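Student: I would like to go through this chain with you, element by element. Could we begin with the strands?
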Amino acid sequence: MKKFLAAFLCAAMALSLSACNENTETPDDDKDKSSVSDSKKDNDNSKDNSLENSEPEDSSVESKPEEIGIPDESDFAEPDKSEFVWGVGENGILIVGYTGNETAIKIPSEIDGHTVSYIEYSQGVTWANVEHVIFPDTVTVIDNRAFENSALKSINIPDSVVRIGRGAFEGTAYLKNKLAGAAYFIDNGKLYFPTSELSGDVVIPDGVTMIGDYAFSGSAIESVVIPDGCISICAAFNNCPNLKSVELPDSVEFISIGAFYDCESLESINLPDNVRIPFYELYGGGIGGGLFDRSYNINITYRGNTYDSSHIDDLYNLIYENNR
């Protein structure tokens, strides 16, 4: 069942699957200034936002997780492709809904010989009465509003997922239960967003290996310490006007397009010797494709040398040559 406009598919499926950077567009002002998720609660008085000291004011965040009965995997239905709302794009299949009657389903890994890569949102298309979903390890993106206000209670997030969009699970029992008592939405080492508005100094908890797109976008944080063991930083800190200090561990191997876009107060950052940035960030969209674009006061240290914003192209080309 195919209900997509061709233009919508072309735009959505043009996303790159390279590392965490499936979105190759430089973040625009509207996207940067919107909240990461409507589920965030105000916590402007907190100066130290480490996991140990984070005390969300909303009692719903501090509540205990509910007991949710999850069916045995053998009880999950494997619906026919005709029961999904889907389309074919450049990078595979994009699914936006389900029209059948089952409440526990498995998403197929292929439809008509094409890999299922994206779970998307489309206005007017729903997931019917689906409460439990098992994703295949081919899915890389669960995009903005994908399951918004649905009956969803449980999902698995496979290792292949590199991005969960804003509001992907907004209004669901799954999200409420996932965030109960938690300072961040973290799944399988991937931090997607904090559970409350953050400001001041942030210490990201140990065990996080990836920081997702827009995780701290538009927030009032002033410094961030990223733990050793973190490997990938997506477009996580764009439009953070108060961000002055970023502490990166040597474990970081990949920094995505738009990661520190429009951080006007950011003064300095030390890049690990083996960090990689995608080719199209160098040659496809302004200075660094938006990596440090509009962060005019920054000085970047890489392998013992420091580069200001006027020499950033030289830096990007050097990083690319060293690590391609």
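Student: How many bridges join strand 19 to strand 20, and do they run parallel or antiparallel?
Tutor: Strand 19 is joined to strand 20 (residues 305–308) by four bridges, and the two run antiparallel. Strands here are DSSP runs of E with at least two residues, helices are runs of H or I with at least four residues, and both are numbered from the N terminus. Two strands pair if DSSP finds at least two bridges between them. This is a predicted model, in which local features need pLDDT of at least 70 and side-chain atom pairs count only at pLDDT 80 or more, while totals for chains, interfaces and linings use all residues. Residues are numbered from 1 along each chain as its sequence is written, and side-chain values use heavy atoms, with hydrogens and water left out.

Student: What lies between strand 19 and strand 20?
Tutor: The two strands form a hairpin with two residues between them. Arg303, in the turn, has a positive phi of about 50°. Within the pairing, Thr301 stands opposite Thr306 in strand 20.

Student: Changing topic: what is the strand order in the three-stranded open sheet?
Tutor: The order is 3-6-8, and the pairing is parallel. Strand 3 (104–106) and strand 8 (154–155) stand at the edges with a single partner strand each, so one side of each has no neighbour in the sheet. Strand 3 and strand 6 (residues 132–134) run parallel and are joined by three bridges. Ala104 has His132 as its bridge partner in strand 6.

Student: What about the open sheet of five strands; what is its order?
Tutor: Its order is 10-11-13-15-17, with mixed pairing. Strand 10 (184–187) and strand 17 (254–255) are the edge strands, each pairing on one side only. Four bridges join strand 10 to strand 11 (residues 190–194), and these two run antiparallel. Lys190 in strand 11 is the bridge partner of Asp187.

Student: Where is Ser223, and which side chain does its side chain make a polar contact with?
Tutor: Ser223 is in strand 14 (residues 220–225). Its side chain makes a polar contact with the side chain of Asp201, at 2.7 Å. A polar contact is a pair of N or O atoms within 3.5 Å; within protein, one must be able to donate a hydrogen and the other to accept it, and residues adjacent in sequence count only if both atoms are side-chain atoms. Ser223 counts as buried because its relative accessibility is 16%. Leaving aside neighbours within four places in sequence, Ser223 is in contact (heavy atoms within 4.5 Å) with Gly200, Asp201, Val202, Leu243 and Ser245.

Student: How many disulfides does the count give?
Tutor: The count is zero, where a disulfide is a pair of cysteine sulfur atoms within 2.5 Å.

Student: Lastly, which residues of helix 6 are buried?
Tutor: They are Ile312, Leu315, Tyr316, Ile319, Tyr320 and Asn323. Seen down the axis of helix 6, the buried residues fall within an arc of 130°, so they line one face of the helix. That arc is taken over the directions from the helix axis to the C-beta atoms.

Note on methods: Buried means under 20% relative accessible area, exposed over 50%, partly exposed in between (1.4 Å probe, protein chains only).
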